[in-house]
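Here's a quick briefing to read alongside the model. Have the sequence and the 3D view open as you go.

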Amino acid sequence: MTILASDARDEDPPLDCLIIGGGPARLTAAIYLARFRLSIRIVDAGRSRASLIPLTHNHAGFPGGITGPDLLARMRAQAGEFGVNVVSGAIESLARAKAGFMAKSGSRRWRARSVLLATGVVNNRPPMALDIHDIALRRGLLRYCPICDGYEVTDKRIAVIGTQTHGHNEALFLRMYSRDVTLVAPAGDHALSDIERQRLVDARVVLKDGPCEPLVIEGDQIIVPVPGGKARFDTVYPALGSAIRSELATTLGAKATDEGCLVVDRHQRTTIAGLYAAGDVTKGLDQISHAMGEAGVAATTIRNDLATIAPLLR
């Protein structure tokens, strides 16, 4: 169920928990918290990486696979069975308040005793037109998660766009699925250590220097422009890193890694009391199943922590 801004009023008591995010982690937490009979609200900016998944065969329980949008729709429907409310919007600021926290989105604001951040990350995209990017993604010509779908490109001609340790690791990971893997530097020469370069050579990974833009589609292949011509591949994996959406927490002083992932304890508590995090915004395996597991732990911890402050009675 989606609610309008007018449903949130200053005279209302603070929520037990405000969930910020739009993916499987926040929906899992919402199902738990709603069934714990806590007052919750989800604010969703609508930018979940899961919504970009054309088809995954890596999520247990779905023989034949499931699309990202279908998975999210099913989870929203399940959360809706327990009265979970979703507000469309992006939280622009989060501050400490007497009751716990105050979150703002434009003219809207919410008070909450606790906050769960499930804001995820944003993949850095390769150089290509947005419409071509989305078409390539739907057709499997462009893929972002070799753990999720490396199996799907077995024996295909694969390119990895990246360099340094990230590109090196991704190319070697995909090498176990195909003998035809090429690592393309996104700009200029590769920046590899001697050891990394030798490992790639030993694994018979082809190295091509960039620049490699823009990527285009021709027929059933994706084209990577390289100096001296065009390289054709069945699929391309960008290994260009990502931006972690942790600013709301770090602005409050929450501890994060150098990359920006929030540091949490084994119960998903950040270093700010009352602030929790789950999913890709934390340090861990960027997988739906892992994010959902963290969300279940976080939701149970939130319930138990709130109960230590005052008994949760009905």
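Strand 9 runs parallel to strand 10 (residues 181–184), and four bridges join the two. This is a predicted model, where local features need pLDDT of at least 70, side-chain atom pairs count only at pLDDT 80 or more, and totals for chains, interfaces and linings use all residues. Residues are numbered from 1 along each chain as its sequence is written, and side-chain values use heavy atoms, with hydrogens and water left out.

**Around strand 9**

- Helices (H or I, at least four residues) and strands (E, at least two) are DSSP runs, numbered from the N terminus, and two strands pair if DSSP finds at least two bridges between them.
- Alanine 159 sits opposite threonine 182 in strand 10.
- To get from strand 9 to strand 10, the chain goes through helix 5 (residues 164–175), in a right-handed β-α-β crossover. Right-handed here means that, with the strands pointing away from the viewer, the path from the first strand over the helix to the second runs clockwise.
- Strand 9 also pairs with strand 15 (residues 235–238), again in the parallel sense over four bridges, and isoleucine 161 stands opposite proline 238 there.
- In a regular strand the side chains alternate between the two faces of the sheet.
- Strand 9 (residues 158–161) is covered on both faces: Ile158 and Val160 on one side, and Ala159 and Ile161 on the other, are all buried. Buried means under 20% relative accessible area, exposed over 50%, and partly exposed in between (1.4 Å probe, protein chains only).

- Five parallel strands make an open sheet in the order 3-2-1-7-17.
- Strand 3 (86–88) and strand 17 (275–277) are the edges, each pairing on one side only.
- From one strand to the next, the twist averages 20 degrees. Axes are lines fitted to C-alpha atoms, for helices over the stretch in contact, and angles run from 0 to 180 degrees between N-to-C directions.
- Strand 1 (residues 17–21) and strand 2 (residues 40–44) are joined by four bridges, with isoleucine 20 partnered by valine 43 in strand 2.
- Helix 1 (residues 24–35) packs on this sheet and touches strand 1, strand 2, strand 3 and strand 7 (115–118), its direction making about 165 degrees with that of strand 2. Contact means heavy atoms within 4.5 Å.
- Helix 8 (residues 288–309) lies across strand 1, strand 7 and strand 17, at about 165 degrees to strand 17.

**Salt bridges**

- The whole structure has twelve salt bridges, each a side-chain nitrogen of Lys or Arg within 4 Å of a carboxyl oxygen of Asp or Glu.
- Aspartate 280 and arginine 49 meet in one of them, at 2.5 Å, N to O. The pair links distant parts of the chain, 231 residues apart: the loop between strand 17 and helix 8, and the loop between strand 2 and helix 2 (68–80).
- Aspartate 280 counts as buried at 15% relative accessibility, while arginine 49 is partly exposed at 23%.
- Arg49, Asp280 and Asp286 are linked in a salt-bridge network.
- Arginine 139 bridges to aspartate 220, with the closest N and O atoms 3.4 Å apart. Arginine 139 is in helix 3 (residues 130–139) and aspartate 220 is in the loop between strand 12 (216–218) and strand 13 (221–226), so the pair ties together parts 81 residues apart in sequence.
- Arginine 143 and aspartate 149 form a salt bridge too (3.5 Å, N to O), and both are buried.
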